[in-house]
Amino acid sequence: MASVPAHSLRVSDIKDPNVLFERYSTEEIRAVERKIRGEIEQKKEELRQMVGERYRDLIDAADTIGEMRQCSESVVRSIQDMDRYCQQLKQSRNPLQSLSKLEDQKQSKEKFYSIASQIKLLLEIPERIWSAMECSQYLQATQLYLLCCHLHRQLHLDGGSPHYSPVLSRFPILVRQVAAAGHFRSTILLDSKSVLRGRAVSDQAIAEALVSTMLLEGSSPRQALADFLLARKASIQQLLNQPQHGAGIKAQVCSLVELLVTTLYQAYAVFYLPPEGGRGVDPGLSCGLLFTTLENVTSTTSTTKGQKVLHGEGSAGSWFKYLPPSVTDFQPVLRTLAQPIQRDQLRDTLQQWIDTCKEDIRGGVSSLLVYVKSLKALAAIRDAVWELLSSESISLHWSAVCLRLLEKPLCLWDDLLQQLFLQRLQAITQEGMEGISSSSRQLLSSALRDLEAQSQSGVFGRGAQYESDVAAFLWTESQGDLPSDAAWVSVSQRGPQLYPQVKSSLSMKTQALTPCIQSFCSALDTKLKVKLEDLQHYLPPEPAVKDQPESTPAPATPSFNRFTDSSAVEEALREHCLACVRDILSSVRSELTGLQADPVGSGRMSSTLFMARLCQSLGELCPSLRQCVLGQQGGTVDAAGRGTPRQGKKLGKGGAVKGVELSPAQAKWAGLKEELLACSMEAYRIWSSAVSKALLGSFTGSLHAGSAGSVLATATHWEEQEIQEEAESGNTIMSKIHLPVQPSWYVQSLLFQLCLEVNRVGGHALPKVTLLELLRGCMDQVLTEYEKLTQRSERKDAAPPITQNRALQLLFDLRFLSATLGSRLEEGKSSRSQQDPRIQEICDLLEGHIDPFDLDVFTPHLNSNLNRLTQRTAVLLGLLTGTEKQFVPRSSSVGSQEPYNILPLASSQIRFGLLPLSMTNSRKAKSTSRATDITKPLMAPSSTPAPEDTFRPGNLFRQLANQDEEPAGPSLFKLGWLSGMAK
């Protein structure tokens with residue numbers, strides 16, 4: 001278009017006016033416009049001339065047509081007049097001959113009318129067939145089709161017939177009708193088989209569709225049964241192959257079950273014939289419809305005259321009376337004899353069909369249930385199936401039908417669906433628990449990384465600060481320390497069922513459960529609670545309150561018990577929950593393995609304690625975990641199974657009362673708590689080992705000081721005491737001695753740092769086993785260092801040498817360490833348990849550096865100083881000295897005045913155990929009757945023993961070890977009152 005000049009441009013070349021403005025200038029476009037307007041005016045003028053010239057021709061043609069019509073009418077009238085005149089002439093000529101001819105004409109006319117009526121009926125049959133098919137009356141359509149075929153044979157319209165009639169040549173329209181009638185057979189067969197696949201089709205419609213198929217195909221009843229079952233199997237496949245849309249799965253499963261049930265009911269109604277005599281027939285059920293319908297359609301006997309195809313068509317028109325009897329009395333005929341199906345054949349065929357459908361349904365329903373993501377939806381599908389099978393229309397005669405058809409009962413839920421639903425439930429539970437395990441492991445790793453990172457950077461968040469210093473969490477007041485109703489609701493009134501809801505912050509503090517532990521356990525408990533609530537939809541509901549109306553009334557005759565697999569459901573949840581917790585424990589153990597290699601560092605020690613407390617409190621702070629494992633008996637677990645592991649007892653042994661057998665669920669719960677306790681104890685063991693190594697470092701350096709100045713730098717003040725001695729002349733003289741009254745500074749520092757470390761991590765909540773292991777580890781390392789010191793002092797080149805004064809201080813230090821660190825270690829032993837032989841050996845070696853005469857003089861005063869020091873430091877080092885040996889009664893000497901003050905304790909446990917109270921009379925009487933000073937074994941020997949026993953090195957400590965100690969009464973220096981107050 002761009003190469004065409006504007007003056008040569010044609011109108012047909014212009015496709016888009018916008019292109020003109022792109023190709024040409026304004027003047028050229030105006031020239032094109034003038035050209036087009038000129039052509040338009042020219043065309044208008046040509047149109048006017050053409051209309052004016054052709055108008056005369058049109059008027060002439062109309063006149064010619066009118067003249068032709070008048071001429072034709074006059075010719076027709078003339079011919080009719082001629083025919084009438086000829087008839088009159090013939091009648092007036094021969095009347096007898098005309099009578100015979102009239103008779104012949106009448107017969108030929110009747111024959112003509114018969115053929116014409118048959119042709120008329122033949123032309124109307126296609127419309128009647130289509131009308132019957134539109135009304136789903138396929139048996140009537142089949143009868144009309146067979147009548148059409150009969151008319152074809154009557155009129156010799158079949159192309160291969162030897163008696164070919166010239167009717168086709170006179171009525172060419174019949175050629176097309178004969179060809180169209182051939183398609184009815186396939187159409188009726190196709191629609192009849194589609195009726196067999198329908199789910200909401202009556203029994204009579206199924207019977208009529210099967211009879212139609214038998215008449216068209218000439219099949220037997222057994223073949224009709226096979227066609228019916230194949231159609232239903234195709235319908236099942238169609239249902240299984242429908243697209244899935246979430247909520248539509250319930251409808252699909254219910255449709256499958258309904259189709260199976262309907263198939264058996266219709267097989268009974270259509271094919272089953274009762275035995276002779278009619279016994280065993282339920283009046284509410286119909287049977288043998290196939291044979292009844294066949295008899296009505298095809299019977300020709302006089303007693304049971306079948307229904308004619310054209311029955312009731314007499315008023316269709318005046319032509320109907322000319323139809324021959326062979327047409328009006330037509331009835332279809334079955335090619336083969338319709339033998340009834342034997343009961344054994346019917347049973348075997350149906351059983352084989354059920355077995356085949358079971359395999360298809362198992363695979364199809366399994367693939368459908370993959371799209372069900374929650375147990376609530378799964379339970380909704382199960383309940384829908386239960387309601388369907390329990391409905392009165394299905395369950396009323398189901399047992400009778402199954403016994404007559406299959407000779408055995410059939411439960412579709414138990415045989416077909418229950419295992420599929422159980423497998424899907426296990427898969428959903430496994431996926432949920434794996435997700436909980438994965439998120440918990442990620443949360444654990446994140447918490448440990450944050451603890452270590454904040455410890456390295458020195459900038460602590462509130463949670464990390466509480467993990468590294470539990471004491472700060474314990475002594476920080478918060479608004480939720482006590483429940484809001486603590487002032488008027490006692491602990492006994494709260495009840496165990498409210499236990500998870502009334503946990504106060506103070507109760508958490510008494511157990512040293514930091515916010516990080518609480519948040520982790522709360523997150524895990526929330527996720528488990530969601531899974532548990534989801535599972536409750538699949539389990540039997542709890543007994544409803546009498547006043548509360550039932551939400552869904554139960555059917556009167558349920559077809560099956562939908563809760564028979566409740567135990568398997570709870571077992572699946574239990575196993576997957578145990579696997580989830582064990583997966584978390586494996587992650588904890590792997591973290592502990594990495595920390596065990598290098599546990600030094602505040603961040604690593606905080607991480608170790610975090611995992612220890614987490615495993616220790618997981619069973620208590622996650623009530624949903626306990627309910628997942630124990631199932632419906634989770635709320636009835638006795639209080640003995642809820643004990644915390646801080647008493648050092650294994651939960652498996654303390655979780656049940658003696659003489660009561662544990663159920664498998666309780667045994668698994670006890671085993672899980674033992675695993676949690678073992679993992680917690682392992683983490684505490686790593687922490688105690690790291691703490692003891694870290695604290696003994698400075699102690700070792702000070703103990704093995706290589707110079708006299710270093711020894712003096714750690715020395716403490718000695719007390720000057722006056723003693724009376726008898727001179728050789730018999731006179732009494734006064735002398736002064738100096739004895740240690742305090743341990744060395746590095747010993748005090750060790751004990752104080754150890755006590756600080758224990759208090760920093762919440763020592764009151766530490767398991768007793770862990771605390772004993774910590775003290776034992778420290779004591780073992782202390783003894784090892786003292787052994788090294790004594791062994792080195794025996795060498796001649798030892799520097800500095802152990803003098804008598806240093807030996808006294810070392811002996812005092814060792815006995816004080818033994819009295820402090822060893823008191824808890826002796827709590828679990830009998831009163832006659834022997835001390836560690838290493839302590840005796842070290843004491844023997846140290847006493848070897850002291851003059852025996854001086855040792856005999858120093859012994860009672862040294863014992864008194866040690867007893868007094870132990871009592872003074874009992875409160876300061878309370879967590880290290882134990883609960884039963886913190887204080888001792890007053891001296892047994894009546895009327896003696898003690899030089900120091902202690903806090904006497906009451907004999908009974910009261911709420912405020914830390915208040916100083918006067919002792920009871922019974923306590924005083926008991927105290928005065930027996931001497932229980934811890935220094936009694938260290939008192940000076942009497943004059944009766946042999947000299948070799950009195951002055952033997954180590955005699956002082958041996959007397960201490962071999963003394964039968966009094967078992968002390970219960971101490972009030974326990975924190976049980978604090979936890980009791982906080983609940």
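I begin with P540, which sits in the loop between α22 (515-536) and α23 (566-597); helices here are DSSP runs of H or I with at least four residues, strands are runs of E with at least two, and both are numbered from the N terminus. The model is a predicted one, in which local features need pLDDT of at least 70 and side-chain atom pairs count only at pLDDT 80 or more, while totals for chains, interfaces and linings use all residues. Residues are numbered from 1 along each chain as its sequence is written, and side-chain values use heavy atoms, with hydrogens and water left out.

P540 is partly exposed, with a relative accessible area of 25%. On this scale, buried means under 20% relative accessible area, exposed means over 50%, and partly exposed lies in between, for a 1.4 Å probe and protein chains only. Which residues does P540 contact, leaving aside its neighbours within four places in sequence? They are F563, S566 and Q632, where contact means heavy atoms within 4.5 Å. P540 and R562 are separated by 22 residues in sequence, and their C-alpha atoms are 8.7 Å apart in space.

Next, two loop residues with positive phi. S136, in the loop between α3 (95-134) and α4 (138-154), has a positive phi of about 60° although it is not a glycine. E407, in the loop between α16 (398-405) and α17 (412-457), is likewise a residue other than glycine with a positive phi, near 60°. S136 is partly exposed at a relative accessible area of 46%, and E407 is partly exposed at 43%.

I turn to two covered helices. In α25 (residues 623-630), seven of the eight residues are buried, namely P623, S624, L625, R626, C628, V629 and L630. After α25 comes G631, with a positive phi near 75°.

How many of the 16 residues of α14 are buried? The count is 12, so the helix is mostly covered. Among them are the charged residues R382 and D383, along with W386 and S390.

Now a helix pair. Helix α7 (residues 184-196) packs against helix α8 (residues 203-217) at an angle of about 145°, with the axes 9 Å apart. Axes are lines fitted to C-alpha atoms, for helices over the stretch in contact, and angles run from 0 to 180 degrees between N-to-C directions. From α7, the contact uses R185, I188, L189, S192, K193, V195 and L196; α8 contributes A205, I206, A209, L210, S212, T213, L216 and E217. These residues divide into nine nonpolar, three polar and three charged, with Ala, Val, Leu, Ile, Met, Phe, Trp, Tyr, Cys and Pro counted as nonpolar, Asp, Glu, Lys and Arg as charged, and the others, Gly among them, as polar.

Finally, the hairpin. Strands β1 (residues 718-726) and β2 (residues 732-740) pair in the antiparallel sense over nine bridges; pairing requires that DSSP finds at least two bridges between the strands. Q721 stands opposite I737, and the bridge partner of Q724 is M734. Five residues lie between the strands, and G730 in this hairpin takes a positive phi near 95°.
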